[in-house]
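Hello,

Here is the structure I promised to pass on to you.

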Amino acid sequence: MLTLQDSLMIVTDLDGSLLDHHTYSWQPAQVWLDRLNEADVPLVFCTSKTAAEILPLQRALGIAGAPFIGENGALVSGGDLSEVPATRVPGAKDYTAICQTLLQLREQYGFKFTGFNDVTEKEVAEWTGLTPADAGLAMQREASESIIWRDTPENFDRFQQALSDEKLALIQGGRFWTVTSEGNDKGTALKWLLKHIPTRTGQPPVTVGLGDGPNDAVMLDNVDYAVIIKGYSKTPVSLSRNDNQNIYSTSLFGPEGWSEGLAHFVSLG
């Protein structure tokens, strides 16, 4: 079993994992957050959230300057551990280019979907349960677009193919589909981050990953220990790894499940 004295790195999804799916509260995980902070264990967010959302949340949790992965892997920051600033993954299209492509596909094929770029802060707040101010932060996108699909399954297949022709891809999250550049995902971004940031010991850290949605699978396949938090998605989290002793599925949701998962792999010794 791992201990807090090991060279650990915790890599975590936010919505539905560290943050409650409905209230966005992390309070049930506060005891473990304090333990990680006291032991100087890095906590890396790996999330669909934007940098504008991540930075104030890091400050609120007392981990300002920590590395993070945003927009489902389209953004990576080495934080204070690295000279690498928050940046789009190399080769990723920017938000304006993605939205222009989506507009062209809608006009060409008549696809029915609604993206953040199509609506106001008020509507995003209604969709997510965020305050209008926080919804505004969620709309400050740099390299991906969040959409709600409102068309047929047949047209969805055509939409995926049309995106692929434009070197774009879809990632399924807890609430929305993310449109991002091909090759961008949480797993690829995590590999890049681990390669580019130094560690306290000079050795690769032992990584524990936690997530609740299908978009977390590629991240959970690229950590040493994987925690699948019980979630609300109709699509199960399916991992390609088969080292079952290093995979744990929680019985609890959200931050309660997050704490349950950490306690399964990390002792306080």
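This is a predicted model: local features need pLDDT of at least 70, side-chain atom pairs count only at pLDDT 80 or more; totals for chains, interfaces and linings use all residues.

Let's begin with helix α7, which covers residues 186-196. Its buried residues are Lys 186, Gly 187, Ala 189, Leu 190 and Leu 193. Looking down the axis of α7, you will see these buried residues within an arc of 160°, so they line one face of the helix. An α-helix has 3.6 residues a turn, so residues three or four places apart point the same way. The buried residues of α7 pack against strands β2, β3, β4 and β5 and against helix α8. On the face turned away from the buried side, you will find the exposed residues Lys 191 and Lys 195.

Now for the rings. There are 13 aromatic pairs. One of them joins Phe 116 and Phe 176 edge-to-face, with 5.2 Å from centre to centre and 90° between the planes. Phe 116 is in the loop between β7 and α4, and Phe 176 is in the loop between β9 and β10, so this pair ties together parts 60 residues apart in sequence. Phe 116 counts as buried, at 4% relative accessibility, and so does Phe 176, at 13%.

The charged end of Arg 35 sits over the ring of Trp 32, 4.8 Å from its centre, while Arg 106 lies over the face of Phe 113, 4.4 Å from the ring centre.

Best wishes

Terms used: Residues are numbered from 1 along each chain as its sequence is written. Side-chain values use heavy atoms; hydrogens and water are left out. Buried means under 20% relative accessible area, exposed over 50%, partly exposed in between (1.4 Å probe, protein chains only). Helices (H or I, at least four residues) and strands (E, at least two) are DSSP runs, numbered from the N terminus. The arc is that of the directions from the helix axis to the C-beta atoms. Contact means heavy atoms within 4.5 Å. Rings of Phe, Tyr and Trp (its six-membered ring) pair if their centres lie within 6.5 Å; planes under 30 degrees apart count as stacked, over 60 as edge-to-face and the rest as tilted. A charge sits over a ring if NZ of Lys or CZ of Arg is within 6 Å of the ring centre and within 35 degrees of the ring normal.
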